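Dear colleague,

Please find below the structure we discussed for your review. My notes on the findings follow directly after it.

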Amino acid sequence: MSASQLSNEKITVVLGAQWGDEGKGKLVDILAQEADVCARCQGGNNAGHTIVVSDKKYDFHLLPSGLVNPNCISVIGNGVVAHLPSLFEELEKLKASGLDCEHQLVISDRAHLVFDLHQIVDGLKEIELGRGSIGTTKKGIGPAYSSKASRSGVRVHHLLYDFADFEQRFRKAVATRKLRYGDFEYDVDAEVARYRQLAERVRPMARDSIQLVHEALAQKKRVLVEGANAIMLDIDFGTFPYVTSSNTGIGGVCTGLGVPPSKIGNVIGVVKAYTTRVGGGPFPTEQLNEFGEKLQSIGFEVGVTTGRKRRCGWLDLVVMRYSCMVNGYTSLNITKLDVLDTFPEIKIATEYMLDGKPLASFPADLSILERVEVKYETLPGWQSDISKCRSFSDLPANAQSYLKFIESFLETKIEWIGVGPSRDAMIHI
């Protein structure tokens, strides 16, 4: 599938297949060049993509990457939690970089709001957990989803259609958190005044996003969905509790945009050629040695949103087999293959052993995950620069073998191969 072949019958979905930071934004950017609608379905500004166009970098956090295409409507769906001050700050930064795209943005009137209150609580919860802390981005995402689940959250329509009701809900939310965490510093009156102004700025963007997406499909428009985070950070399927607070897999597309499974077509899983993660939690293939440091350095593995160094390790096909099973990818995008250019040997995890016996699947219990012995397959490296390769046949034989091994093991087609940071450094098979 090329960008010009995005389906006008069904939704195309791009999802993170590991622990996030796989480079989803680049593929979304390529595909969005021919999309009519690009939508986010979950998460908040705890996500981060960097898109490079003609040597110009754009950082996206809450906003959909489709905004780079001036003809694409970008949608923040009902499943997203939105911190409005950050949203407008992000728009202003893009405008300063030459991307004036506010008129292209739609936000669901059902989306829940993240307040500074939630960010304060996020930090207080991490302090409370102490050594057992999750390692969140402290963007307030978890507390906002907690408010949603406890039915005490505030949505965009509350802000827009009855401000007195909004103020009452907001003040009650603050009072409840102070009962729980003590009298922390927070200027509620100033926040209410700020949101009175924000309401008018967000009003032109607010829509029934469910209706918008279904109308686009009915009109045979091309709809692209950009997942945030990744399946191993899914609240149900990830390494709980070291996860985010939303469904980051294919199920989150349905609930986060109000679309049935029958409307979903191609599902592309984005896989880094090695493995990284941020925050706490077990990481079976992590390399706390020269190999991990080399991956971190060459791959410039630093979080776009947090600035934290990412933990690095070999590609884990046990994780990927589980990821494929849950999300049902129709194809894969392998990213950052060029980071492995100088390695004489490359290892790939193929099996977890526990007490000398192979595990049938990825375990739910983290105490088990911490104890597993990882079995590796060692493949020869290619030790040459692949950044100028633009077809599969251009790649060195050992790079081709590496990809074929992954494809064969996962029984899933590799369709896209990233060999550098720029938009054009992508091989399509």
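Arg171 has a relative accessibility of 33% and therefore counts as partly exposed. In this predicted model, its side chain meets that of Asp189 in a salt bridge, with an N to O distance of 2.8 Å. The pair links distant parts of the chain, since Arg171 belongs to helix α6 (residues 163-181) and Asp189 to helix α7 (residues 188-202), the two residues being 18 residues apart.

A second salt bridge connects Arg371 with Asp355, where the closest N and O atoms are 3.2 Å apart. Here too, distant parts of the chain are linked: Arg371 lies in helix α12 (residues 366-371), while Asp355 lies in the loop between β16 (345-354) and β17 (357-358), 16 residues apart. Asp355 has a relative accessible area of 64%, which is over the 50% cut-off, and so it is exposed.

Salt bridges that share partners also form a network, which joins Asp21, Lys272, Glu301, Arg310 and Lys336. The count of salt bridges in the model comes to 22.

One of the pairs involves a buried residue. The side chains of Asp29 and Arg423 meet in a salt bridge at 2.8 Å, N to O. This pair links distant parts of the chain, with Asp29 in helix α1 and Arg423 in the loop between β19 and β20, 394 residues apart. Asp29 has a relative accessibility of 1%, under the 20% cut-off, and therefore counts as buried. Arg423, at 26%, falls between the 20% and 50% cut-offs and so counts as partly exposed.

Val37 has Ile73 as its bridge partner in β5.

I would welcome your comments.

Kind regards

Note on methods. Residues numbered from 1 in each chain as written. Predicted model: local features only at pLDDT ≥ 70, side-chain atom pairs only at ≥ 80, totals over all residues. Heavy atoms only, no water. Pairing = 2+ DSSP bridges. Helix = DSSP H or I, 4+ residues; strand = E, 2+ residues; numbered from the N terminus. Salt bridge = Lys/Arg side-chain N within 4 Å of Asp/Glu carboxyl O. Buried < 20%, exposed > 50% of the residue type's maximum accessible area, 1.4 Å probe, protein only.
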